[in-house]
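Work through the exercises below with the sequence and the model at hand. Each task is followed by a solution in steps.

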Amino acid sequence: MNLTDMSNLTAIKEFLLLGFGSLHGLQFFLFGMFLGMYVVTLLGNLLILIVISLDRNLQTPMYFFLSNFSFLEIWYTTSIAPKMLQTLLLGPKVISFVGCVVQFYFFGSMAVVECFLLAAMSYDRYLAICSPLQYPSLMNLHTCVLLAGGSWLGGFLTPVVTVAMTFQLPFCAAYKIDHFFCDLAPVLKLACSDTETVEKTTFLLASFVTMVPFLLTVASYIHIVAAVLRIPSAAGKQRAFSTCSSHLTVVTLYYGTLGTVYAIPTATQAAVLNKIFSLFYTVVTPMVNPIVYSLRNKDVQKAVRRLMSQWASPKGSSGPPLPPRSIFFSQKSLDFFEGRQALG
């Protein structure tokens, strides 16, 4: 490192997010499209949170995890989308050094939490289908809180090492980040020193927090498929699979796009491809998830119609309020367990 680099190293207090580069007049179209996707993401996930919290029929373990998932998706996309929209509308955007660290950390945290939550949701479906009679006692309030709380805690702790190692590196004069947010690969390209230790440490951590939940998810679905195939009636099989199809779609979308980006070595990643695939798991997938997972779910649709009819009806015409019921022992859940046993 020469004296010029040393002087620039001490002066760097901000980075420049280049965004998508030259778009040849498409920036306003892309801005409108991504803004619409961001709004749909926020409204879709907020709707899910409101419906689950207000409708007692959805207060079951499956929807408890789904409400955590929707809350996560709001913050996951919010950590990226506002700055990305600014770069589209105004061109390259300055982000402070601290702002870059914070964005890097929260994006990594939300990604890890999502991996853990998807695994917890698959375990919930495994118990519901493979052990329906024991499900209420196994997936009780204590278990649900432990699984959800562990997912959030693990997500916030895991990126600390990577963030600390990455932003302690010396950065040279080229402080331009060729991306629309502070991601690992483009940030490491600005380092003046060897990044091999950071890359290997990050790879090991990322492998653990993605592959372990992924393998647990795969194992859960292997047992689910085996249990469903033992159901004699076609209607029973279809009913059982319908409770898992949305979750399986979300898992495929998330791990497919995430793996495509991070399985490629940092040094060989093309910046354009990195941005395109990053768009999928930062903007597109969070928008699709509420549609795939809940808004096409018949129970959620019925709950939305019930709430809309209550809000639209004259005040006081809907009768006395329904008493609160346990989210883990609702009659609807018990009916499902009994029906599942009968089908088996």
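Buried means under 20% relative accessible area, exposed means over 50%, and partly exposed is the range in between (1.4 Å probe, protein chains only). This is a predicted model, in which local features need pLDDT of at least 70 and side-chain atom pairs count only at pLDDT 80 or more, while totals for chains, interfaces and linings use all residues. Residues are numbered from 1 along each chain as its sequence is written, and side-chain values use heavy atoms, with hydrogens and water left out.

**Exercise 1.** Determine how many helices and strands the chain has, and what share of its residues is buried.

Solution. Step one: take helices (H or I, at least four residues) and strands (E, at least two) as DSSP runs, numbered from the N terminus. The chain then has 14 helices and 3 strands. Step two: of the 344 residues, 45% are buried. Step three: with contact meaning heavy atoms within 4.5 Å, residues 24 or more positions apart account for 81% of the contacts with a separation of 6 or more.

**Exercise 2.** Find the salt bridge of Arg 306 and state which parts of the chain the pair ties together.

Solution. Step one: a salt bridge is a side-chain nitrogen of Lys or Arg within 4 Å of a carboxyl oxygen of Asp or Glu. Step two: the partner of Arg 306 is Asp 55, with the closest N and O atoms 2.9 Å apart. Step three: Arg 306 lies in helix H13 and Asp 55 in the loop between H2 and helix H3 (61-78), so the bridge joins parts 251 residues apart in sequence. Step four: Asp 55 is buried, because its relative accessible area is 6%, whereas Arg 306, at 30%, is partly exposed.

**Exercise 3.** Is Lys 275 buried or exposed, and which residue does its side chain meet in a salt bridge?

Solution. Step one: Lys 275 has 8% relative accessibility and therefore counts as buried. Step two: its side chain meets that of Asp 178 (2.9 Å, N to O). Step three: Lys 275 is in helix H12 (residues 271-295) and Asp 178 in the loop between strand E3 (176-177) and helix H9 (184-188), 97 residues apart. Step four: Asp 178 is partly exposed, with a relative accessible area of 35%.

**Exercise 4.** Describe the salt bridge between Glu 196 and Lys 200.

Solution. Step one: the closest N and O atoms of Glu 196 and Lys 200 are 2.8 Å apart. Step two: both residues lie in helix H10 (residues 196-229), 4 residues apart, or about one turn of the helix. Step three: Glu 196 is partly exposed, with a relative accessible area of 39%.
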